[in-house]
Amino acid sequence: TLTRARALAARYRQLVTFPLVGDINTLFGLALYPALLWGIPVLQRQYMLGLLIAQAISLCFAYATYKRTMFRTRGNLHGGDISHRRGQRSQSDRLCIIQIQG
C-alpha cells in the first residue's frame, strides 16, 4: 500500500506541477518582451529584434524549467543519457542553442 500511495502522490504531483510550470513560463515570456523594450532603448526602434531575443530566451527558460521540474534532471542542458555522454546533442538541445546563437 505504501508503494501505491507513492505512485498516487507522484501522479498528482505531475498533474499539479505541469500547469504551474506552464503558468510560470507564460508569465516569464509575457514579462520579458516589454522588459527588453523598456530596458534597452535600441530595441524600442528595432522591436522585432527584441521579440526574437525574447522568444529565444523564453524558449530556453521553458526548456530548463520543464527539464528541472517535470523530468527532474540536473546538470548541463542535456540530461546525461548515453547518447549525450558520447558528445551528441538531442534535437531540443540543438534548437535551444540555435535560438540563443541566432
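## Overall picture

Of the 102 residues in the protein chain, 23% count as buried (buried is under 20% relative accessible area, exposed is over 50%, and partly exposed is in between, with a 1.4 Å probe and protein chains only). This is a predicted model, so local features need pLDDT of at least 70 and side-chain atom pairs count only at pLDDT 80 or more, while totals for chains, interfaces and linings use all residues. Residues are numbered from 1 along each chain as its sequence is written, and side-chain values use heavy atoms, with hydrogens and water left out.

The protein chain has five helices and zero strands, giving the pattern α-α-α-α-α along the sequence. Both kinds of element are DSSP runs numbered from the N terminus: H or I with at least four residues for helices, E with at least two for strands.

Helix 1 covers residues 2–39. With 38 residues, helix 1 reaches 52 Å from its first C-alpha to its last, close to the expected 56 Å; the expected span is 1.5 Å times one less than the number of residues. Its buried residues are T17, V21, G22, N25, L32, L36 and L37, and they pack against helix 2 (42–45) and helix 3 (47–69).

Helix 3 passes the same kind of check: its 23 residues should span 33 Å, and its end C-alpha atoms are 32 Å apart, which agrees. On the buried list for helix 3 you'll find G50, A54, A56, S58, C60, A62, T65, Y66 and K67.

The largest nonpolar core is made up of five residues: L32, L36, L37, L43 and A54. Helix 1 gives the most to this core, with three residues. To qualify, a core needs buried Ala, Val, Leu, Ile, Met, Phe, Trp, Tyr or Cys residues joined through side-chain atoms within 4.5 Å. Ignoring neighbours within four places in sequence, A54 is in contact with L32, Y33 and L36.

What about S58? This helix 3 residue counts as buried because its relative accessibility is 14%. A polar atom of the S58 side chain lies 2.8 Å from the backbone oxygen of A54. Leaving out residues up to four places away in sequence, S58 touches F28, G29 and L32.

## Aromatic pairs

There are two aromatic pairs in the structure. Rings of Phe, Tyr and Trp (its six-membered ring) pair if their centres lie within 6.5 Å; planes under 30 degrees apart are stacked, over 60 edge-to-face, and the rest tilted. F18 and Y66 form a tilted pair, at 5.3 Å centre to centre and 45 degrees between the planes. This pair links distant parts of the chain, with F18 in helix 1 and Y66 in helix 3, 48 residues apart. F18 is partly exposed, with a relative accessible area of 46%.

The F28 and F61 pair is stacked because the ring centres are 4.0 Å apart and the planes sit at 20 degrees. Here too, distant parts of the chain are linked: F28 is in helix 1 and F61 in helix 3, 33 residues apart. F28 is partly exposed at 27% relative accessible area, and F61 is partly exposed at 27%.

Methods
Contact means heavy atoms within 4.5 Å. A polar contact is a pair of N or O atoms within 3.5 Å; within protein, one must be able to donate a hydrogen and the other to accept it, and residues adjacent in sequence count only if both atoms are side-chain atoms.
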